[in-house]
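Subject: Structure for you to look at

Hello,

Here is the structure I promised to pass on. Please open it beside this note, which says what turned up.

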Amino acid sequence: MSLFSPRGRLVRATVAALATCTATTLAVLPVAARTPDAGAPAASAPAPQGPAARTTRQLGSAADPAAAQSAADYLPVSYTCNSGLRIKAQQMTTAQLQTTCSSLIGQDAFFHDIVKDGGRPVAYDVNTSLEVVVFGSRAEYQRLAGYLYGANTGSGGEYQEGNPSATGNQARFVTYRDDSVQAFTIKNLNHEYTHYLDGRYDMYGDWNANISTPTLWWIEGLAEYVSYGYLGKWNSWAGGEASKQTYALSTLFDTTQQHDQNRIYAWGYLAVYYMLEQHPADVTKILGYYRTGQWQAARTYLKQTIGTRYDAGFRAWLLT
Ligand SMILES: [Zn+2]
């Protein structure tokens, strides 16, 4: 299937800096899982308004009563889509809530069909429910998402898996109404939802385990692939990058959070697209390792079994 076919994707996501969040996450919050995403021009984000300690202390924790109180104060809208999905928002109409629920619920089958998980979560994953937090604007997200949820407010949304094996854990993503477009749009909605599904059905353990080897090509590439595919949007960003033939596939398998947004998102998308389309048996093999936490085995498979074997094919495919 051609990259430029109607099956293709998107509009260019706006770009933001991710650089600072990783170190904070890994150093300060060992069990917190977070996947901050490209969002916006880097930001004149105001500092969080609350006590500084709260920004990091309670990330991903639903157990902090003070935080819960604050969240309820700031996010008066609470809407249950179904037993596994709840939306909290500053301001959404019933129609907007229902449309959002439908968009997310409809994505499940699309996702399962692509990754072929048989509907089986990975072992010890108790993230049966997801909370979707929607701030009313980018400015509100910048003002409150760090304070309430420890999110990187330079991002365009962030998935916080928490500890998926802990009873009472609450998986959550935080995002905002994209007020740069007129129609009601939630920033990165289906991208973030893919992180939830991928974390539950493909990636064993928490975020820190997931990125203990370079897996970002898959994590962000899949989120882009599923999001644009499901929405039927053309990925003009990735399409534009493809013609430049910048990276070898074997190089993309090394992508980490230290790399730039083009490489992480656009090239992750291209790598995942190519592998799913041209080498599905290899994807099955790799996901078999990811799903059981065999990160080094997956790494060996990518870098040695596949190695540079598909580089020429990928390079040619980019121009198809
Ligand atoms: Zn993402």
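Strands and helices here are DSSP runs, numbered from the N terminus (strands are E, at least two residues; helices are H or I, at least four). Between β3 and β4 the chain passes through helix α4 (residues 94-115), and this β-α-β crossover is left-handed. Right-handed would mean a clockwise path from the first strand over the helix to the second, with the strands pointing away from the viewer.

Two points on the source. This is a predicted model: local features need pLDDT of at least 70, side-chain atom pairs count only at pLDDT 80 or more, and totals for chains, interfaces and linings use all residues. Residues are numbered from 1 along each chain as its sequence is written.

**The sheet**

Six strands make an open sheet with mixed pairing, in the order β1-β5-β6-β4-β3-β2. β1 (35-36) and β2 are the edges; each has a single partner strand, so one side of each lacks a neighbour in the sheet. Strands count as paired if DSSP finds at least two bridges between them.

- β2 (residues 77-82) and β3 (residues 85-89) run antiparallel, joined by five bridges. A hairpin of two residues links β2 to β3. S78 has K88 in β3 as its bridge partner.
- β3 and β4 run parallel, also with five bridges.
- β4 and β6 (residues 171-176) are parallel over six bridges. Here V132 stands opposite F173 in β6.

β4 (residues 130-135) has five of its six residues buried, so the rest of the structure largely encloses this strand. Buried means 20 or more other C-beta atoms within 10 Å of the residue's own; exposed means 12 or fewer, and partly exposed lies in between, with C-beta atoms placed from the backbone.

**The core**

The largest nonpolar core holds 71 residues. Such a core is a set of buried Ala, Val, Leu, Ile, Met, Phe, Trp, Tyr and Cys residues joined through C-beta atoms within 7 Å. Helix α11 (residues 261-278) gives the most to this core, 11 residues. Those with the most contacts inside the core are V134, A145, Y269, L270, A271 and V272.

Which residues does Y269 touch, leaving aside neighbours within four places in sequence? They are G221, E224, Y225, N235 and A238. Contact means C-beta atoms, placed from the backbone, within 7 Å.

Best wishes

Methods: Contact = placed C-beta atoms within 7 Å.
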